[in-house]
Amino acid sequence: MEDQEGCYYNRTVKFFYTESGKNISDHWRKRDYVVVTLGLTVCFIVIFSNLLVILAILKNRRFHYPIYYLLGNLALSDFFSGVSYLNLMFHTGPWTIKLSKYQWFVRQGLIDTSLTASVLNLLAVAVERHQTIFSMQLHSEMSIRRVVIIIVAIWILAILMGLVPTMGWHCLCDLPNCSTMAPLYSRSYLVFWAILNLITFSIMLAVYTRIFLYVRHKSRQMSQHTSHLRHRETVFNLMKTVSLILGCFVLCWTPGLVLLLLDGLGCDRCNVLRYEKYCLVLAECNSFVNPIIYSFRDADMRRTFRELLCCLWRRKADPALTSGVHFNTLEHEVLSESNGDPTNYTLTTDKGRG
């Protein structure tokens, strides 16, 4: 497109970077090689580890419940984050100024989409846990069809959020309002996006706080009964796992969102470019934290990981753990599970499904 009065459609990405004060070197420095090498290493770890989680949930029937499908979709979001950052690594440093505006918007849109998908997934998990815990169930009675609708809706909204700047909320016609960290994005969009995500974080924290207060209240009522102690341990272990996932996500992404908010508000004294790389690395690391949490918190998940890895090396899966027992309510779990481990948050036993 030709430039119009007040609009710069025909200018290069380098033009916007120069105007915003974010100068990019046109030659490769030692620092650039280090950043790209570390970034690629993290990306491959993220992609492999989250792919392992997705395959584990699909393979093991003990995970065929709404909460695990939502956690699996969270793993898919993290997998997509790995792909997005992989694309970023091949379009960063001196490569950045060689991008067309379309390529630049695609690069940023992929990252925005992956973050939005992760946030919406965590919100869906929070709502699901609220519903099941307050009805004293272990697993939601939500139908598979409804779970699929929720997952599809999450990705549609995430993709739309990633496309918003491309569809017009940019600064190509408002050069003074261009962001410093993302020089083709409008500052007003950064403020909107950062505040929206921070509000969502706050809602999720409020939901989990309410759940914990409720569980603590119920556990005190049950504390005099041995069978009820199993209720408390089961619910707490499940909540600890999900809360760890949420907590790590908030800790890893909040600094970056705050930095975007400061940039959007035009804080010249904040020197946002100085901290940009650190916040980006922190956000990227979050994508491989969840598989680690799954491994430490869930014995069934660890066993399924081992089976999948053995399949890769031996082309033969271990059939020993192909069936299990699930319970929909805490009462069923206590009445039916006599030899299980109450600290196992997946609430399954080694018995066959019968």
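Thr180 sits in the loop between H5 and helix H6 (187–222). This is a predicted model, in which local features need pLDDT of at least 70, side-chain atom pairs count only at pLDDT 80 or more, and totals for chains, interfaces and linings use all residues. Residues are numbered from 1 along each chain as its sequence is written, and side-chain values use heavy atoms, with hydrogens and water left out. The protein has 10 helices and 0 strands; helices here are DSSP runs of H or I with at least four residues, strands are E runs of at least two, and both are numbered from the N terminus.

**Overall picture**

- Reading from the N terminus, the elements go α-α-α-α-α-α-α-α-α-α.
- Of the 354 residues, 50% count as buried (buried is under 20% relative accessible area, exposed is over 50%, and partly exposed lies in between, with a 1.4 Å probe and protein chains only).
- Among contacts with a separation of 6 or more, 78% are between residues 24 or more positions apart (a contact means heavy atoms within 4.5 Å).
- The accessible surface is about 17600 Å², and carbon and sulfur atoms own 63% of that (Shrake-Rupley method, 1.4 Å probe; for residues, only the protein chains shown count as cover).

- Thr180 is buried, because its relative accessible area is 15%.
- Leaving out neighbours within four places in sequence, Thr180 contacts Ser20, Lys22, Arg187, Asp263, Val272 and Leu273.

**H1 against H4**

- Helix H1 (residues 13–20) and helix H4 (residues 101–134) have axes that come within 9 Å and cross at roughly 65° (axes are lines fitted to C-alpha atoms, for helices over the stretch in contact, and angles run from 0 to 180 degrees between N-to-C directions).
- That makes H1 roughly perpendicular to H4 (under 35 degrees is roughly parallel, over 145 roughly antiparallel, 65 to 115 roughly perpendicular, and the rest oblique).
- On the H1 side, Val13, Phe16 and Tyr17 meet Lys101, Trp104 and Arg107 of H4.
- Sorted by type, the residues of this H1–H4 contact are 4 nonpolar, no polar and 2 charged (Ala, Val, Leu, Ile, Met, Phe, Trp, Tyr, Cys and Pro are nonpolar; Asp, Glu, Lys and Arg are charged; the others, Gly among them, are polar).
- Val13, Phe15, Phe16, Tyr17 and Ser20 are buried in H1, and the buried residues of H1 pack against H4.
- Just after H1, Gly21 has a positive phi of about 90°.

**H3 against H4**

- Helix H3 (residues 66–89) packs on H4 at an angle of about 165°, with the axes 9 Å apart.
- H3 and H4 are therefore roughly antiparallel to each other.
- The crossing of H3 past H4 is left-handed (the near helix is turned anticlockwise from the far one by less than a right angle; clockwise would be right-handed).
- The H3–H4 contact brings together 13 nonpolar, 9 polar and 4 charged residues.
- Ser77 belongs to H3, and Ser77 counts as buried because its relative accessible area is 0%.
- Beyond four places in sequence, Ser77 touches Ser114, Ala117, Ser118, Asn121 and Trp155.

**Leu157 in H5**

- Leu157 lies in helix H5 (residues 144–163), and with 46% relative accessibility Leu157 counts as partly exposed.
- Leu157 touches Thr116 and Leu120, not counting residues up to four places away in sequence.
- Leu157 and Leu120 are 37 residues apart along the chain, and their C-alpha atoms are separated by 8.7 Å.
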